[in-house]
Amino acid sequence: LAIAIGELVDDAVVGVENVYRRLRENAASDEPRASLAVIAHATSEVRSGIIYATAIIILVFLPLFFLGGVEGRLFSPLGIAYVISILASLITSITLTPVLCYYLLPKLAAGHAEADAGLVKRLKAVNRRLLGWGFSRSRPILIAGTIATGFALVGAYNLPRAFLPPFNEGSFVVNVTFQPGLSLAESSKLATTAERLLLQIREIASVSRRTGRAELDEHAEGVHSTEIDVALKPDTASREKVASEIRERLAILPGSIAVGAPIGHRLEHLLSGVQAQIAIKIFAEDLDALRTAAETLRSRIATAPGIVDLTVERQVRVPQVDIRVDYDRAASYGVAPAAVAEAVETLSNGKIVSVIVDGLKRYNVVLRLPDNERTTTALSDLLIETAQGPVPLRNLAEVREVDGPNQILRENSRRRIVLSANAAPGANLGAIVNVIDTEVAKLKLPPGGSVSVEGQFQAQQQAALTIGGLSSISFLMIFALLFTRYRSAILALIIMAGVPMALVGSVAALWIAGLPLSVASLVGFVTLTGIAARNGILKISHYINLVLHEGESWGDAMIVRGTLERLTPVLMTALGAGLALVPLLIGADAPGKEILHPVAVTIFGGLLSATLLDALVTPVLFGLYGRQPLERLVADARASGSTDAF
């Protein structure tokens, strides 16, 4: 609704402006007609154009309804609200608005029948001189426009890439991972040090932490892993500066650090299963070869510009007790191997054998050996019940101390290890991924190994492909719709030429604002397409109506008249949409504006360029290529006796 609010009045603006202009002309004529007849005729003149423009806006929003994943959840409601709002605006403009015009405008128009307002006069004079200059330089103008569009496309391709804009949540999540096997007491001691270091930063209000996650937790973690929630003070100006200072202060700790935000981490986890913007997953069956490949890749990409929080997943070798049952010995004592394993598991790991009830409290009674008897030597002396009586475990199995991986993680039934990384504030995520792809191509993998680069960039690419592909289909449908209306491919292409004109301003606005090309920016481009096409429809339809119904003949004078008569509604709709975007343009870092700010910047920049260039380029294009389709339309309409306005 925040994006659509400026466009909700567009249909009414076009209708009211045309009604007001016709009422003024009627008041100044020698034989004025009834106001109701004038209003009905003026409304019918623009009704068809309004309906087709609304249909085009709906068509360009179709890609949003086919987005999947996180981006679909975020932007599909925007598309639904926008389309419903525009439809409601259309219905209002062709029902309620003419009625209000009948009651409110006739007397007002009669009192201002002679001339336009001073500002409108000056704008029309400037536009008239601009058109006179442009008609004599048509080819150079079109060449310059083509070059500008080319630069815009190159600029869009070279914009930094991001999936979604960073959220300003007023807090950070700092993940600190120490060496696996660290005791809880030592891990808590290091985490407490991290808290003290964080509280030394002036912008941080408070911290709280979790060290480890329980086994039954959805995200179980060992005690070597600590997650610290950092709350920022309300007046914090630069979150990026605070994040950099957090990394600097915690760099002295013997572990890996990753700085993110609560919602951002959850989104990243949804996208790749890893709480980081970039997840490089290496797959192979040999764990040692996996870790070697991961460390090699880490050393190669560590110097990539803009990469931070580069961490190899903590898969390390830790001491383990290995108990191998001798089946022949166990059989000689009449004991099953499973019984040996169950007895060792019960006394070593523990087993709940009862529950103590104390009022509302419940306490589990666990049977387990004391810590000093759970060593390799003590377990060897553990007595196991057999048919021949208690027998030491060493008589039934080999007990030895070895080292093994602290965890084995799988994805799609394959062993994997993950390198995770984030992009520094302002860094080009696309450039970082390009460096990673280059180094991955050089990496020597174990037999049967493979690498997958996932995370936000992959999601951004998929969303961009989806929007781009579906937008192409939408453009074809728009072309078909315009061709059905004007029965001319040339006129349809002239109207659609407003889209690249809007692209020029959008790309320039993103560069000036320092914003990346994200899914939000792409949604802005989609929105802008419908706005740009509306202006072309209004002008082309008016040119045709001037010749068909008002006795004008082909020539520059007719094009100038039609352009000037449509200047006011075009400027008013652009101004209305632009003013509605101002609250979203300012205070970009305010919570809640992160998603809509890039959309607003894209639309605002495109509105400026489309409105300014459309005042010259569309008339010039129509002057060069519009005569033949116009004359054919007029001839067909007169042959059929049609009196309908285009």
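Predicted model: local features only at pLDDT ≥ 70, side-chain atom pairs only at ≥ 80, totals over all residues.
Biologist: Why is D309 called buried?

Modeller: Its relative accessibility is 10%, and buried means under 20%, so D309 counts as buried. D309 lies in strand β6, which covers residues 307-312.

Biologist: What makes the phi of D309 worth a remark?

Modeller: D309 has a positive phi of about 55 degrees although it is not a glycine. Most residues other than glycine have a negative phi.

Biologist: Why is S413 called exposed?

Modeller: The relative accessibility of S413 is 64%, and exposed means over 50%, so S413 counts as exposed. S413 lies in the loop between β13 (410-411) and β14 (414-423), and its phi, near 70 degrees, is a positive value in a residue other than glycine.

Biologist: Why are β2 and β4 called edge strands?

Modeller: Within the open sheet of 4 strands, the order is β2-β3-β1-β4, with antiparallel pairing. The edge strands are β2 (204-213) and β4 (256-260), each of which pairs on one side only. From one strand to the next, the twist averages 20 degrees.

Biologist: Which helices lie across these strands, and at what angles do they run?

Modeller: Helix α7 (residues 184-199) lies across β2 and β3 and runs at about 165 degrees to β2, whereas helix α9 (residues 262-272) lies across β1 (171-177) and β4 and runs at about 55 degrees to β1.

Biologist: What makes a set of residues a nonpolar core, and which residues have the most contacts inside the largest one?

Modeller: The residues must be buried, of the nonpolar kinds counted, and joined through side-chain atoms within 4.5 Å. The largest such core has 88 residues, and those with the most contacts inside it are F75, L164, L482, Y486, I540 and F622. Helix α18 (residues 519-549) supplies the largest share of this core, 17 residues. Apart from it lies another core, of 24 residues, including A293, I301, A304 and L419.

Biologist: Which residues does L164 touch, leaving aside those up to four places away in sequence?

Modeller: L164 touches V70, L74, F75, L267, Q456, V519 and I595.

Technical notes: Residues numbered from 1 in each chain as written. Heavy atoms only, no water. Buried < 20%, exposed > 50% of the residue type's maximum accessible area, 1.4 Å probe, protein only. Helix = DSSP H or I, 4+ residues; strand = E, 2+ residues; numbered from the N terminus. Contact = heavy atoms within 4.5 Å. Pairing = 2+ DSSP bridges. Axes fitted to C-alpha atoms, helices over the stretch in contact; angles between N-to-C directions.
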